[in-house]
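Student: I'd like to learn how to read features in a protein model. Could we go through one together?

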Amino acid sequence: MDTISYDSTTKLRYTKPAASFNEALPLGNGRLGGMVYGRVGEERVSLNEDSIWHGGSQRADSPDANQWLPAIRELLREGKQKEAEHLAVMSMMSSPKYMHPYQPLGDLLIRMQDRSAAADNYERSLELSTGIAAVAYWHQGYRYTREYISSAVAGVLVIRLETDHPAGLSFGVHLMRRPFDSGSRKADDATVLMSGDGGGEGVRFAAGVRAAAGDGRVQVIGDFVSVHGASAVTLLAAAETSFYHGEPYEQVCLERLRAAAALPYDALKQAHLEEYGAKYNRMQLSLFPDKEARDIHPSASLPTDERLRLYASGEEDPGLEELFFHYGRYLLISCSRPGTQAANLQGIWNESYTPPWESKYTININTQMNYWPAEVCNLSECHEPLFDLIERMLPHGRNTARRVYGCEGFVAHHNTNLWGNTHIEGVLATSSIWPMGAAWLTLHMWERFRFSLDESFLRERAYPCMREAALFLLQYLTEDGQGRLVTGPSLSPENKFTLPSGVQGTLCMGPSMDSQIVSELLRACIKASEIIGGEEEFRGRLKTALDHIPQPAIGKNGTIMEWIQEVEEADPGHRHISHLFALYPGHTIRAGEHPELAAAARQTLVNRLAHGGGHTGWSRAWIINFWARLQEGEQAHAHLRQLLSASVYPNLLDCHPPFQIDGNFGATAAIAEMLLQSHGEALELLPALPAAWSSGAVTGLRARGGFTVDLEWSGGRLHQARIAADHDGWCSIRYCPPGPAQPENGVRSKAGSLSGGGLSMHVHDGNGAIIQALEEEAQRISFEARRGACYLVEIQNK
């Protein structure tokens, strides 16, 4: 396949500096982040380091919770809602109530000698294919340029300033941390160092900035690094913390700066390009028939903010949708890498000391959504920090399970933090008492295995955490009097119901989402234990419990029931649509296999949307994934348009509001889900392709079973696919073209081919020979794949 990446779909571009954080451009190497404003007279780069959090680990579980748990359950069963919730708030809520927030590192400020200089032909950009931000302008006949890189190789932020004026760069650069600025000091003749901490018992840090110039003069004046009369300058910024390094963090910071300063800028840049490109270039996407069509599109030469404005007014811009997809991949590479912290509510980019929701890990959907694109978009290693966080949570979760519920195993609630605390956090009954955080998170480890088939990962990391979460559930579940095993007290995240008496409530027994998560985890543990071997007794317990877990039920109005009994929704347009977990990211409701449940899920979406649902960015992103799983491409695309039109800031970051990064990742995952699905028994090719994407190509998508998939299509129909296998095993492919449904009795016309309804599918091996199909089914073909082999699937319309 041809290279299919061009500037208009990989570059964010603006013609003026950022006026606010929501216009600045994000950089990150996984750990060290920056938001580039691109100001001419006094540049500001907002800095973050991912381990700088306020406070410390907390031991906050309520000592009275387990004592009152039976009484709370009984009150709920008796319908005494107010009494149950009152007792739960008193006995189960933790002390202290809140986890501490993620903190900014501070600002890097470049103060030009001529701060009032006018800039002509100004441009500010972020090139996603290189991970480099840039500023360029003209001043008094001279050209000035800057490049900004957050290098994972060097571990520093690099800013390169150049001009063709022979002595045109004179400025001072320093670090500031408002309002907690502790000042900076001279570390050497070219470096200033700032030290501080996150507050309370928080993480301690050191940050430094160093300048290197090929000409002109560099010296430290006060707490500034001063540069005078230069034509080219490289600035280096670093930050290290006690969380990663213990007490030598300051020395590590200085060593990091000195090591980077020993290299010329071109070497730093090239090392970054190679390391970053190895991740970013695994995938390509084009929503145009060819390069010419892309280049002549009216939006190709427009600034990103202008493209957004026109798009919101109704203009078509597949290149903007492409750009948004790549932006999600870029952001994940930039904020989550092996050895760094997991992406929080704002990734790593936070400018506030009191950020919304403490910028922590909200694990009743938001943290999970951050990682939805990791596997399918071929960024599996970016998933690693989440697994590290889960393992850090495990000992805390065991303590919480024992103290709060009197159970063995691993439990977590709706929030966690840098230290992996698992106690019931907050004071809101609508969100706090929800013991499913660990169960949902460990399913991400199972998904990693399903994509990679890495049995050592399953045995050594995934299954131990999954097993502990399942063990908690086995002991926590109670019988409801009808032979069903249910969770409780619990809730459907952040939503409320109205009882026939008119009383509104949140706490309940057996909310639908809980049962769906329990079913998914128990089934995963059963399969995992069969693969690993042994544990027959425990596997038997899982199977027995699974038989008694309530399955998704359809209510009188034709929707999936959110609670175990028919109750009125207090907010029928609520942003959380938790009772469709089984549709996405779960696998229980499959459009082609469970038509009644799929129809009920569809009606659930219709009802939610009719009452204003999807009004937050991340909620809209979840909705796109739902429609993709229902294989309704037009609906999925319509909601992608809604998200881009109403729920992103000028810098394309997701707008909850305020900024919350999960919507970016959810939308990227959704676009991938529209093109490829593998959660069922087959690889579904182009399952939700909208008419707006009638021609295009994608390379490097990952599928469960250890496959890499490339697709080409035109005229709204698949032309060919390439499937590379990482392992020996069966590969089933299903393709259902748009238009009239294909007949159920597809007729094999020759070995390795499937034909019927005017469509034939051929699978060729690496030698071009048609290989034998091993399954006869309309629109589906299966073959035995060999590790390291690549197969060509050709679709022909007869």
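Student: Is Glu 322 buried or exposed?

Tutor: Keep in mind that this is a predicted model. The cut-off for buried is under 20% relative accessible area. Glu 322 has a relative accessible area of 0%, so Glu 322 is buried.

Student: Which side chain does Glu 322 meet in a salt bridge?

Tutor: Here's the general idea first. Side chains of opposite charge can pair when their charged atoms come close. In this case the partner of Glu 322 is Arg 294, at 2.6 Å from N to O. Arg 294 sits in helix H6 (residues 291-295) and Glu 322 in helix H8 (residues 318-335), so the pair ties together parts that are 28 residues apart in sequence. Arg 294 is buried too, with a relative accessible area of 1%.

Student: How many salt bridges does a search of the whole structure find?

Tutor: The search finds 48 salt bridges. One of them joins the side chains of Glu 275 and Lys 279, at 2.7 Å from N to O. Those two residues are both in helix H5 (residues 265-280), four residues apart, which is about one turn of the helix. Both Glu 275 and Lys 279 are buried.

Student: Which helices hold Arg 629 and Glu 673?

Tutor: The side chains of Arg 629 and Glu 673 form a salt bridge of 2.6 Å, N to O. Arg 629 is in helix H17 (residues 617-629) and Glu 673 is in helix H19, so this pair ties together parts 44 residues apart in sequence. Arg 629 counts as buried at 1% relative accessibility, and Glu 673 is buried with a relative accessible area of 6%. Salt bridges can also share partners: Glu 375, Glu 384, Asp 388, Glu 391, Arg 448 and Arg 461 are joined that way into one network.

Student: What about the backbone? Which residue does a cis peptide bond join to Ser 95?

Tutor: Most residues other than glycine have a negative phi, and most peptide bonds are trans. In this model, a cis bond joins Ser 95 to Pro 96, with omega about 5°. Pro 96 is in the loop between helix H2 (81-92) and strand E5 (106-112). The bond from Gly 488 to Pro 489 is cis as well, with omega near 0°.

Student: What is the phi of Leu 453?

Tutor: Leu 453 has a positive phi of about 55°, although it is not a glycine. You'll find Leu 453 in the loop between H12 and helix H13 (455-476). Gln 631 has a positive phi too, near 60°, and lies in the loop between H17 and helix H18 (633-646).

Student: Last one: which residues make the nonpolar surface patch of about 290 Å²?

Tutor: Tyr 98, Val 427 and Leu 428 make that patch. Take Leu 428: its relative accessible area is 53%, so Leu 428 is exposed. Leu 428 is in the loop between strand E19 (415-416) and helix H12 (437-452).

Conventions: Residues are numbered from 1 along each chain as its sequence is written. This is a predicted model: local features need pLDDT of at least 70, side-chain atom pairs count only at pLDDT 80 or more; totals for chains, interfaces and linings use all residues. Side-chain values use heavy atoms; hydrogens and water are left out. Patches are made of residues with over 30% relative accessible area and no salt bridge: like charges are joined within 9 Å, nonpolar side chains (Val, Leu, Ile, Met, Phe, Trp, Tyr) within 5 Å. Accessible areas come from the Shrake-Rupley method with a 1.4 Å probe; for residues, only the protein chains shown count as cover. A salt bridge is a side-chain nitrogen of Lys or Arg within 4 Å of a carboxyl oxygen of Asp or Glu. Buried means under 20% relative accessible area, exposed over 50%, partly exposed in between (1.4 Å probe, protein chains only).
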